[in-house]
Amino acid sequence: MLGSSLYYVWILIEGSLTILDSVVLVGVFALYMWMLARLPHGRDEPEEALEGPVKSLAEIKSNGRKIAAIASIFLFGALTFVLITDSFVESLQHIAQMFLEGLLGTSAVFFTIQWVAPVLSEFPEKVTAFNWARQVKLAPVALLNFISSSVNELTALVALIPIVLAISSGGLRAVPLDHEQWIEVFLTMAQSLYAGAALFDLSYDTQNAVVLLSLWTVSTAIIESRLVIGVMFLILALYEILRERHRITAFRAFHQTLYQMVLPEETSDRQ
């Protein structure tokens, strides 16, 4: 999450999203997935976190059948989006114009597409995470769920935009960022950097949660404040690093995990 967030500094300097950016972000996501696949199944992982379809997938013994099942789910989701996207977006526009235009003015449609649509599309994920967060044993799994989702959104999801544009237009084109989009990218980057800094000590406390929720609420309600909110996130990220500088353990833990669990065979061969 930290690496992909920092890469957005380059995207902001460029002022556009290119196919080269897609290659880099897909590479980061592939590396992340490879590392996760190499991690051994921990004995202390709570099995009760797995329910329904996810548990069924985890119980498939054959790697081939498991990959085929996951691919089928992705294809079904893609087909569903292709069939309903236009109607979904048009419905959101009508709802915004009917119920929110008086409150938010001309930004009602933008607000609805920008925030309501993602909340609806990610609703199952959030319900699952909030359900886990009610239990002390499963609360870390809930946090992990959101972190992995953030990594996916910062890498693979954004990387698809230039790729889809290239396929649909028949040529490699950059996606230019206008003023509003530049601020959105900056705010997302700043918020992610603060979240990463908050986890440097491998703990997530109430203060971190209040900061994220409060500033997100303000940036959602007052669109004009987003640039200022982004700057505040960066300042608070620096403050968090200075405040926890003697308790930063994330990098040491990552190093240990990398060489003890992800690359044990390579390390043994060199020795």
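Visitor: Buried means under 20% relative accessible area, exposed over 50% and partly exposed in between (1.4 Å probe, protein chains only). Which of these is L212?

Guide: L212 counts as buried, because its relative accessibility is 16%. Bear in mind that this is a predicted model, where local features need pLDDT of at least 70, side-chain atom pairs count only at pLDDT 80 or more, and totals for chains, interfaces and linings use all residues. Residues are numbered from 1 along each chain as its sequence is written, and side-chain values use heavy atoms, with hydrogens and water left out.

Visitor: Where does L212 sit, and in which helix?

Guide: In helix α9, residues 206–221. Helices (H or I, at least four residues) and strands (E, at least two) are DSSP runs, numbered from the N terminus.

Visitor: What is L212 in contact with?

Guide: Contact means heavy atoms within 4.5 Å. Setting aside neighbours within four places in sequence, L212 has contacts with Q191, Y194, Y204 and F233. F233 is 21 residues from L212 in sequence, and their C-alpha atoms are 8.6 Å apart.

Visitor: Back up a bit. How many helices and strands are in the chain?

Guide: Twelve helices and two strands. In sequence order the pattern runs α-β-α-α-α-α-α-α-β-α-α-α-α-α. The radius of gyration is 20 Å, close to the 18 Å that the globule rule gives for 271 residues, so the chain is as compact as a globular protein of that length. That radius is taken over C-alpha atoms, and the rule is 2.2 Å times the number of residues to the power 0.38.

Visitor: What box do the C-alpha atoms fill?

Guide: Roughly 65 × 45 × 40 Å along the principal axes. Of the 271 residues, 28% are buried. Of the contacts between residues at least 6 apart in sequence, 67% join residues at least 24 apart.

Visitor: Which elements have the lowest and highest mean pLDDT?

Guide: The lowest belongs to helix α12 (residues 264–270), at 58, and the highest to helix α10 (residues 226–243), at 95. For the chain the average is 86, with 93% of the residues scoring at least 70. pLDDT is the predictor's confidence in each residue, from 0 to 100. Where it is low, the predicted coordinates should not be read in detail.

Visitor: Salt bridges next. How many does the structure hold?

Guide: Five. The criterion is a side-chain nitrogen of Lys or Arg within 4 Å of a carboxyl oxygen of Asp or Glu. D205, E240, R243, E244 and R247 are linked in a network of them.

Visitor: What does D205 pair with?

Guide: With R243, the closest N and O atoms being 3.9 Å apart. This pair links distant parts of the chain, since D205 is in the loop between α8 (179–198) and α9, while R243 is in helix α10, 38 residues away. D205 is partly exposed at 30% relative accessibility, and R243 is partly exposed at 27%.

Visitor: And E240, how far apart are its closest N and O atoms from R243?

Guide: 2.8 Å. E240 and R243 are about one helical turn apart, because they are three residues apart in helix α10. E240 is buried, with a relative accessible area of 1%. R243 also bridges to E244 at 3.4 Å between the closest N and O atoms, and E244 is buried at 3%.

Visitor: Surface now. Which residues make the nonpolar patch?

Guide: L79, V82, L83, I84, F88 and L120, covering about 600 Å². Patches take residues with over 30% relative accessible area and no salt bridge, joining like charges within 9 Å and nonpolar side chains (Val, Leu, Ile, Met, Phe, Trp, Tyr) within 5 Å. Helix α4 (residues 63–104) supplies the largest share, five residues. V82 lies in that helix and is exposed, with a relative accessible area of 65%.

Visitor: Last one: T18, buried or exposed?

Guide: T18 is buried, at 17% relative accessible area. T18 lies in the loop between β1 (16–17) and α2 (19–38). Beyond residues up to four places away in sequence, T18 touches P162 and A174.

Definitions and conventions
Areas by Shrake-Rupley, 256 points an atom, 1.4 Å probe, with all protein chains shown as cover.
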